[in-house]
Amino acid sequence: MTTVTLNIPELSRQFENDGYLLLRNVLSEERITELNNAVDGILSDEQESLSYNIYNSVERAPSILSLMDNPTILPLIVNLMGYNIQLHISHLTVRKPNPDDLKTETNSFINWHQDGPTPKFPSINGLTSTYYIKACYILSDMSEPDRGNTKIIPGSHKWPDYQPVQTDVNVPLPGEIQVCGKSGDVFIFAQNLWHAGSPNRSDFTRRQLFIGYSPIWMRPIDYHAASPALLEGADPIRRQLLGAISENYFNFYVPEESMVPLKELWLGRAATKSEYI
């Protein structure tokens, strides 16, 4: 178990300005090992590949499901998005060393983009709102660039009508950075931040697990409705995150207070600093 002290108001201001956060040492060594063992089991059931994109990963391992309501990250997410939220996506990405940039069937979304549907989310005055946020759990050593790191352009979510001069991730863009972190670090970013998945030209295998959150009135990517297996034994917070708050779908827009227990994590403007264990 690790103890992480988060200054949520300060992190919220940083997130609003930059569109991302990088939190260090969120996961213990035991949790990192547990999650990597789960990833090993998932990959053993997949066809051998240089690159893997596996969605609905919460259905594949209990240890991955438990990241959804991680007690360090969840309060921050609630205070970035509000408390009427759900799990939107659980996306495991693994990219093995590929110095020759060989094409694979699962290299989707590697070039510069904003996340979202087709056609795009609506924009006002050239800006798209934040519709969902992803917490990326880094499960391998990504402390150096060119290991398949996620590339971002800090602040680009606030640039009206911004379009990269080109979308090829191999051609540097002004202001771009590669997110470098160690196993156990967590990278949080908004869907409207311009980002890309860079090639892995190193000797290290990239392992990143994205747990995304969206308003509960929005259709999630992983499933239309959570499976009975996911809901079995779920406490009220987990049931909310799995979208199981009411049989009356009007309540997804206007929930009763008892349906959104995540409201307990909402700090409000008066809060200064909170510690989560």
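Gly181 touches Arg24, Ile138, Ser140, Asp141, Met142 and Ser143, leaving aside residues up to four places away in sequence; contact here means heavy atoms within 4.5 Å. This is a predicted model, in which local features need pLDDT of at least 70 and side-chain atom pairs count only at pLDDT 80 or more, while totals for chains, interfaces and linings use all residues. Residues are numbered from 1 along each chain as its sequence is written, and side-chain values use heavy atoms, with hydrogens and water left out.

**Around Gly181**
- Gly181 sits in the loop between E9 and E10; helices (H or I, at least four residues) and strands (E, at least two) are DSSP runs, numbered from the N terminus.
- Gly181 is buried, at 1% relative accessibility; buried means under 20% relative accessible area, exposed over 50%, and partly exposed in between (1.4 Å probe, protein chains only).
- Gly181 and Asn25 are 156 residues apart along the chain, and their C-alpha atoms are separated by 9.4 Å.

**The six-stranded sheet**
- Six strands form an open sheet in the order E2-E10-E7-E12-E4-E3, with antiparallel pairing; two strands pair if DSSP finds at least two bridges between them.
- At the edges are strand E2 (20–23) and strand E3 (51–54), each pairing on one side only.
- On average, neighbouring strands of this sheet are turned by 15° against each other, direction ignored; axes are lines fitted to C-alpha atoms, for helices over the stretch in contact, and angles run from 0 to 180 degrees between N-to-C directions.
- Helix H1 (residues 8–18) packs on the sheet and touches E2, E7 and strand E10 (186–190). The direction of H1 makes about 130° with that of E2.
- E3 pairs with E4 in the antiparallel sense over four bridges, and Asn53 has Thr93 in E4 as its bridge partner.

**Strand E12 and its partners**
- How many residues of strand E12 (residues 206–215) are buried? Ten of the ten are, so E12 is largely enclosed by the rest of the structure.
- Strand E4 (residues 85–95) runs antiparallel to E12 and is joined to it by ten bridges, with Arg95 opposite Arg206 in E12.
- Strand E7 (residues 133–138) is also antiparallel to E12, through six bridges; Ala135 has Ile211 in E12 as its bridge partner.

**The three-stranded sheet**
- Another open sheet has three strands in the order E9-E8-E11, paired antiparallel.
- Strand E9 (177–178) and strand E11 (195–197) stand at the edges with a single partner strand each, so one side of each is left without a neighbour in the sheet.
- Strand E8 (residues 150–152) and E11 pair in the antiparallel sense over three bridges, and Thr150 stands opposite Gly197 in E11.

**Helix H4**
- Six of the eight residues of helix H4 (residues 74–81) are buried, so H4 is largely enclosed by the rest of the structure.
- The buried residues in H4 are Leu74, Pro75, Leu76, Ile77, Val78 and Asn79.
- After H4 comes Gly82, whose phi is positive, near 105°.

**Salt bridges**
- The structure holds twelve salt bridges; a salt bridge is a side-chain nitrogen of Lys or Arg within 4 Å of a carboxyl oxygen of Asp or Glu.
- One of them joins Glu46 and Arg60, with the closest N and O atoms 3.1 Å apart. This pair links distant parts of the chain, 14 residues apart: Glu46 lies in the loop between helix H2 (29–44) and E3, and Arg60 in the loop between E3 and helix H3 (62–65).
- Glu46 is partly exposed at 31% relative accessibility, and Arg60 is partly exposed at 34%.
- Asp141, one of the residues that Gly181 touches, meets Arg147 in a salt bridge (3.4 Å, N to O). Asp141 is partly exposed at 30%, whereas Arg147 is buried at 11%.
- Glu257 and Lys263 form another salt bridge, with the closest N and O atoms 3.7 Å apart. Glu257 is exposed, with a relative accessible area of 58%, while Lys263 is partly exposed at 33%.

- Val254 is in the loop between helix H6 (236–241) and strand E13 (274–276), and is partly exposed, with a relative accessible area of 45%.
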